[in-house]
Amino acid sequence: MDWQEKRYMVKVCSMYYHDGLTQAEIAKKLGVSRPVISKLLQKAKDEGIVRVYIMEESVRTVELERELEDKFELADAVVIPHNGLSGEMARRAIGQAAAHYISQNLKNVENIGISWGETLAHFVNEFPFLKKDDITVVPLEGGMGIKNVNIHANQLANELAKKLHGNCTYLYAPAIVENEELKQRLMSTQDIQAVLEIARNVDIAIVGIGNPFEDSTLRKVGYIEEQDLQELEKKEVVGDIGFRFFNISGQSINDSLTSKIIGVELEEFKEIKKVICIVEGTHKVDSLLGALKGGFIDILITDEMTASALMSKDSAGL
C-alpha cells in the first residue's frame, strides 16, 4: 500500500469514526459509491490502521447482563458500571439508565403502571420529554398525605405522564389504610375498582424493590413501625414490591399490613406483560433474589455491584 492510498484510507476512517459521518455521507463528499467506502473501512481494520476496542467495563457489565438473563430467565437485563458511585449519585445513574432504556422501548405501549419510592423518583426525574399522547400512566398502589409526596405512586404517575405528554389516572386512596374494614369500603368504590383494573392490565409495570430492615423507605415515611418489623422478621420476609412482602423463595407473605394495602396484589404482577424492576444497592440483594425466584420480574435494571453480589449469592446457594 503506497502512502497516497494509506492517506486516503485514514481520511475516510477519520470522517467515519471521528466526525460521525455515515458511509453514504462520506461517499457523497468524496464522489465515490457507498460500497467503495465500506470496503475501505474494512480494509483499514484488516491492515491494522483501525483497531476497535470494547471498553473493559462494558465487557464486564455485558457479561453480567447475560448471566442474569440466563440464570433468572429474564427477557432483558441492564447493568450499569460501578464507577465509584454511591448513594444519591448511584441512584441517579440508575435512574438515567432506566429512563433511557424505557424511553427507547415504548413501541405498542398504551398503558404504563408505576409504583413508588426514591429510586423510581430518580427514574422519573431523568426521563426525557417525549410526544406520546396515546399513553396513559397509572399508579400501581395508593398514596396520599403530605409526607414524602414526591415519591408517592400518584405523584410519580403524574410527573411521568407530563414527560410523555400523555394521560394520567389517579388512585385516590392511601397506600395503607387504618384497618381492613376501611380497605373493603374503599375497594368497593367504582373509581378505585376501575383504576386497579387498569393497573392489573398495563403493558409495562415499573417497580422498585424494598428491604424493610435496612435503609427502608417504608420506615422513613412511617408506613411501618417496630412491631411491624418484628412480625416481618418472624415470617422471614426479605423484601417488598409495592408494599407486598415476600420471602427469599419468592413466596407471598401475609401479615397484618397486607389486609390494609390498596394496590396491585403481588401474584398479579405475574400476569402483567412486562414488569421492569429498577433497583440499586447491595443491601437489597436478598430482596432482589426473592423477587426473581418468585417470578415477579421480567426486566432488571441495576448496578454492577448489586448484580455481582446477586450472582455470587445465588451461586453459593445462600
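## A buried phenylalanine

Phenylalanine 243 has a relative accessible area of 2%, so this residue is buried (under 20% relative accessible area, with exposed over 50% and partly exposed in between, for a 1.4 Å probe and protein chains only). Tyrosine 223 also counts as buried, at 19% relative accessibility.

The model is predicted: local features need pLDDT of at least 70, side-chain atom pairs count only at pLDDT 80 or more, and totals for chains, interfaces and linings use all residues. Residues are numbered from 1 along each chain as its sequence is written, and side-chain values use heavy atoms, leaving out hydrogens and water.

## Aromatic pairs

The whole structure holds 7 aromatic pairs. Rings of Phe, Tyr and Trp (its six-membered ring) pair if their centres lie within 6.5 Å; planes under 30 degrees apart are stacked, over 60 edge-to-face, and the rest tilted. Tyrosine 223 and phenylalanine 243 form an edge-to-face pair, because their ring centres are 5.3 Å apart and their planes stand at 90°. Tyrosine 223 sits in the loop between α10 (217-220) and α11 (226-234), and phenylalanine 243 in the loop between β6 (237-241) and β7 (244-247), so the pair ties together parts 20 residues apart in sequence. Trp116 joins Tyr223 and Phe243 in a cluster linked by ring pairs.

## Chain and elements

The chain has 13 helices and 9 strands. These are DSSP runs numbered from the N terminus: helices are H or I with at least four residues, strands E with at least two. Buried residues make up 48% of the 318 residues. The C-alpha trace spans about 85 × 45 × 30 Å along its principal axes.

## Nonpolar cores

A nonpolar core is a set of buried Ala, Val, Leu, Ile, Met, Phe, Trp, Tyr and Cys residues joined through side-chain atoms within 4.5 Å. The largest has 48 residues; Ile102, Leu106, Ile114, Phe123, Leu160 and Ile206 touch the most other members. Helix α5 (residues 87-103) gives the most to this core, with 7 residues. Another core, of 41 residues, lies apart from it and includes Phe72, Leu171, Phe246 and Leu266.

Which residues does isoleucine 206 contact, leaving aside neighbours within four places in sequence? They are Ile102, Ile112, Gly113, Ile114, Ser115, Leu120, Phe123, Leu140, Leu160, Ile276 and Ile278. Contact means heavy atoms within 4.5 Å.
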